[in-house]
Amino acid sequence: MLYGRGTEQDRIDQLLLRAREGESGALVIHGEAGMGKTALLAYAHACVSAAAGPARVLRTVGIESEMELPFGGLHQLLWPVTDRLDRLPETQAAALKAALGLAGEAVSDRFTVGTAVLATLTQAAGGDETLLCLIDDAQWLDQASLDALTFAARRLRSEGVVMLFAVRDGVPGGRITGLPSLRLSGLDAAAVDALLTDRAAGLSPYAREQIVKQAQGNPLALLELPAALTAEQSAGRLNPVTLPAGLSSPAGRIQESFQDHIRRLPEATRAMLLVAAADDTGDLDLVLRASTRFGARLEDLEPAERATLVLLTEHTLSFRHPLIRSATYQDAPLARRLAAHRSLADALEGASGGDRQADRRAWHLSAATTGTDERVADEMVAAARRAGGRQGTSAASAAYERAAQLTTDPARRARLLAAAAFTSAEAGQFARTAALTDRINALALAPETLADFARVRAIVELDRGSPGEATRILLACADRIGDGGDLRALLAEAVQAAYSSGDRHLLAEVAARIPDTPEYVVMRAMTDLSAGEAPRSHDTAGAVPGAALRAGEGAPDVAGALSTAEARNPAGAPAAASVPTVTAGTAAIAVPTTPAADFAERITAGLHAQLLAHHSTAYEIASACVQDCRAQDVVGWLHTALHLLAEAQLALGRYAEAQVAAEEGLAIAEEYGRDHRGTYLRATLATLAALRGDQDRCVALAEAALEHADAHGIALAAAHARRALGLLDLGLGAAESALVHLEGARARLGHPVLSAWLLPDLVEAAVRAGHPDRAAESIGRLTEWATASKHPAVLALLHRCRALTGPFEQPGDVERHFDEALRHHDDSRHEAGGNDEGRPFERARTELLYGEWLRRERRRTDARSHLRAALEALETLDARPWATRTRTELQATGEQFGPDDRADAPLARLSPQEREVVRLAATGATNREIATQLFLSPRTVGHHLYRAFPKLGITSRTELPQLLGQDAEADPSL
């Protein structure tokens, strides 16, 4: 029976009820030790077992000693359903079998493992069966298991699966984000009174008062503290509480109570319990074999079993509560703990089970070693390499760190700590990365290790300090290594960090270090572009020397910079064999295709493509990087790749996809404490909110981004956030405010190429605010950019802006510029090998502005065709403020709209095809039934719903009837 947990039980009841109706759910239950987390899991288990419908329960418990063994917790949970693995797609089945140790291959893709776990749970639920997954002591799950399980939990929808996680507060590890949570606090006075009345009726009033005071509402303390009292203490004749008065928490008092129980046991029983606590794999045979060293036998467990401290089966031994295990271990003297670990290592020597048992043996050897031991250090390095091969990067990092503690060689210690820092960064444990880098003696590192160490230090600096300082860390390392080392990844990250700083002079410092060889072509082009360097002549053999800043000029030369970039990598020019190219319009973008260490170069190539307005190429590079990050388990670069992908999708008008990519990137950044990239991602999401006219969300995201960016000198992210606010105001008709934001964005950047993407918005805001003079400089810069890049997308924007600022007394010139803009938009759509790079939002804005001008010229019929095209595109994009503005212009030309076409009606946000699909889905029709009626494929129907739900502000089709019903009240025609 549970006392005082009615609200919590109701929460679980609702989850299970919805699961029986086919809806999945997850809940993280957290609180301090003894608050009843395990009891609530048991309650859920009992509810499922007592329910009328079919149900299945899977369970795993985090074990502290197995935290460094990749996928150990997942193995325990899924072992009963491994017969379902062969029903999965071949790739998923192979990945999950490797993770569970059912195949000899290494795990190559942690994200495929997560997808496979989700598919396995769906299979295990099957039909109408409810599946309950109980994950207890999640704070002690190995990171690989926790990542896979939370990955699946976040993606559960309609499978009839419930996942309950129990996490103890105040213990490192087990941090779970993105899932609903329930915190357990102490019981109220009524529940405390009921519990003690039922379970400790023999207490004297004084003893009862002291127990209540000590327990502080902790249920387990209320049960265990009375049990630890002698008869005299219970009666109140002695001090009823034998625990030290200075203990600060009920968890500590509970543990003392358990220790008191354990101290009363025979010596041989305590020895066996200590061995079990040191390992706690649940393997009774292993505990028995290891305990023979202490002269203990199976019969010696009987006193502990009678005291209900442990639970025994034919093959397993488990502690009744995790605190009993920790109490047993912590109460033992150090020498006995070391001996227990040594006996377990001896028992595991030569044991079957492959790498998993070898890893356990290595960790027990290290736990039994108090000083240095090169042989044990070697064992830990081997364990680290095995863990890395199974994608257990956090386990690998811990093993490398322990090996560093065991070695006597200072140079080796530095290398091993550096390896621990590298792998912790790959695992996304950036707080730990920072702590490790502080312990490394860089002077002891070889050049090949020094570059990686500097990159890790720069990662830490980006989040704790500033991009400017991160750049200087990387440049100092480049200077130390000199020309003899491979500096590509190092300098690629220096370029990116300097870009973030917005400091033109810092970029010039980076440029000075970039070698004049073909493999550095993108980085040289990037620094030329951003620093505004002038072109210089070629040296010999096709090498191009680094160009210097133009002397005597306060502002960089945009045309010269772009010409330099084009000269260094012209269309069709051969690139280095190791740096293949993707042709995009007038330039060939060099794209490194080397493994994970070169993600920095690939991201730099994507940024280069963005600067040249080759957004399709940026999309291709970003998509490949995201895929490879997932496949290679490189979490440290995933959020950066997702940001590049979201920005490319945003430029290409794929707003729903950009939203998904940016939200995933932000979730990863927040989960791993990557504040630097999180700032950029908030700015991207603020821009998407601005386009939709979601003012509150846009302002909240942009202000959060600005707060961090301005405090840490991330000028480029600050400019993106300011631009989002300007775009919001421009769409809402607040041109004066928009101009202030956009000019503020440009002021944060020290060079015009980085601010080129702001120019069209600046021109429109200045003209609409009645300050065309403030658009003159922007027109000049835009002209330089378009002339040098020759990209049709940029030329289209130039002609649109010239039409806005042109001599209105000569309508022919204005019309010519608008026509030229639309022609270049069409050219942009079909260039780059047929990829759609038409930037539909920018084309729609051009159509809107053209239509507005035509209406003012009293050419209503001509205006309508452009305004209709603009409206269709803007509604498809869900750019609501701009669509409202277009609709108003159309109405001014005499256009009539039906009820469904109201700008504020939910269906008005959808394309015509999406409207029909949504209408039918709201009636309860399945995708197959809708497909039959509309002559579509079920997959196409699903795609339309996927695009429609974000526009309607909903997440599932079950919300459609209510949404459209509310609309129907205002509009009977629905």
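Contact here means heavy atoms within 4.5 Å. Keep that in mind for the tour.

**Before you start.** This is a predicted model: local features need pLDDT of at least 70, side-chain atom pairs count only at pLDDT 80 or more, and totals for chains, interfaces and linings use all residues. Residues are numbered from 1 along each chain as its sequence is written, and side-chain values use heavy atoms, leaving out hydrogens and water.

**Select the whole chain.** The protein chain holds 46 helices and 9 strands. These are DSSP runs, numbered from the N terminus: helices are H or I with at least four residues, strands are E with at least two. Of its 974 residues, 57% count as buried. Buried means under 20% relative accessible area, with a 1.4 Å probe and protein chains only.

**Select residues 430-437.** This is helix α21. Which of its residues are buried? They are Phe430, Thr433, Ala434, Leu436 and Thr437. They sit on the same side of α21, because they cover an arc of only 165° around the axis. The arc is that of the directions from the helix axis to the C-beta atoms. In general, an α-helix has 3.6 residues a turn, so residues three or four places apart point the same way.

**Select Phe430.** This residue lies in α21. Why does phenylalanine 430 count as buried? Because its relative accessibility is 9%.

**Show what touches Phe430.** Leave aside its neighbours within four places in sequence. Phe430 is then in contact with Ala425, Ile459, Gly636, Tyr672 and Arg674.

Phe430 and Val460 are 30 residues apart in sequence. In space, they are 7.0 Å apart, C-alpha to C-alpha.

Definitions and conventions: Buried < 20%, exposed > 50% of the residue type's maximum accessible area, 1.4 Å probe, protein only.
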